[in-house]
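This report goes through a protein model and its ligand site. The sequence and structure come next.

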Amino acid sequence: MNSNTKKVKELYESSTGVYLATTGYYIHGCAPPENFNLPLYILSKLNVFDGNSVLDCGCGMGKMLIEMAKLRPKINFFGITISEEQYKICNQLKNEENVLNVEFILGDFHQLSFYFNEASFDAIYFNESLFHSNNYKQVLSEVKKILKTQGIFYSKDFYINYWIDKYIPFTSGYKLIKYIKENYFYHPVLHNEMIKAMNELGFNIISFNKPNYIPNFQKVIDFEKAYGLKTYQLIQKTNAIHWRELIASKKSI
Ligand SMILES: C[S@@+](CC[C@H](N)C(=O)[O-])C[C@H]1O[C@@H](n2cnc3c(N)ncnc32)[C@H](O)[C@@H]1O
C-alpha cells in the first residue's frame, strides 16, 4: 500500500462514523436529491444482465451494492474497500438484509488483479473513489485486466476545469484543489487528461456528462462541519472543478 493509500485508509477509519451520522450510508459529495434511486440509476448505466458480475471499487459502507443486489438477485455483486471500519459495516448490512449475491473484500484497488481473475467482470464502477488514487492510470490498467472485453467502466468524479487552477499557485482554484488533496487525499485531473489516458489504456469512451440529477451538497456540508473541514467555503470562490460521469467500454484489442 503506498503512502497516499495509507492516508486514505486512516481518513476513512476515523471519518466513517461521522459520515454515517451526517450523510448516512453513502459517502459522496455529489449526492442526488432525496428519494432519488441512485443504485437503480447507476445499474441502468452498466448495461448488465442476469448471470453477469459487477464490481464496486471503493464501495464505502456497501449500501449501494446491497440495494443493487436486491434489485437484481441473479447478478453477482462484489465490492472492495480499503477501510476495515467500512468492511465491517458492509458485512453487518449484508447480514441484516440477508442478501446472498454480494461479497465484500477488504483490499486495495491498485491491485485488483491480485483479488480477482482476469476478464471476470461485465461492469466495474467507482462512485467518487477513483481519484483517491494518486496513480489512477495504475488503477485503470488493473481494471482493464479484470474487465471482460466490451465490459463497462463507470466512474463519477470531479475534474479540474482549467489548467491554470492545476498549475498556478495562489489562484482560488489551486487553493481549493490543494486543500482537497491535503484533507481528502483526492487527486482530480483535467478533463482532457482523462480522455487521453482512457484512450491510451485501451478504453472507448461512451459518454462523459454531468450526472443526470440535481446534486444535493447539503449532506456533505453537514459532514464537513461535524468533521472540521471547510471545502464548502473554498468552493464558493471558484469554478475550478466540475462533476462528471464517465462511461467507457474495454476495447477488443
Ligand atoms: C468517497 S468514498 C465513496 C464510497 C462509496 N462509493 C459511496 O458512494 O458511498 C471513497 C471510497 O473509496 C475507497 N477507497 C479509496 N481508496 C481505495 C483503495 N486504494 N482501495 C480500495 N478502496 C479505496 C474508500 O475506502 C471509500 O470506500
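How do the residues of the shell around the ligand divide into nonpolar, polar and charged?

## Ligand shell

The shell residues divide into 9 nonpolar, 11 polar and 2 charged. Here Ala, Val, Leu, Ile, Met, Phe, Trp, Tyr, Cys and Pro count as nonpolar, Asp, Glu, Lys and Arg as charged, and the others, Gly among them, as polar.

Of the 22 residues around the ligand, the nearest are Gly58, Gly60, Asn127, Ser129 and His132; a residue is near if its C-beta atom, placed from the backbone, lies within 6 Å. Two or more residues come from each of α1 (3–22) and β2 (76–81), and α1 gives the most, with 3 residues.

## Model and overall fold

This is a predicted model: local features need pLDDT of at least 70, side-chain atom pairs count only at pLDDT 80 or more, and totals for chains, interfaces and linings use all residues. Residues are numbered from 1 along each chain as its sequence is written.

The protein has 11 helices and 7 strands, taken as DSSP runs numbered from the N terminus (helices H or I, at least four residues; strands E, at least two). Its C-alpha atoms fill a box of roughly 50 × 45 × 35 Å along the principal axes.

## Packing of α2 and α3

Helix α2 (residues 38–46) packs on helix α3 (residues 63–71) at about 70 degrees, the axes being 9 Å apart. Axes are lines fitted to C-alpha atoms over the stretch in contact, and angles run from 0 to 180 degrees between N-to-C directions. The two helices are therefore roughly perpendicular (65 to 115 degrees).

Key
Parallel < 35°, antiparallel > 145°, perpendicular 65-115°, else oblique.
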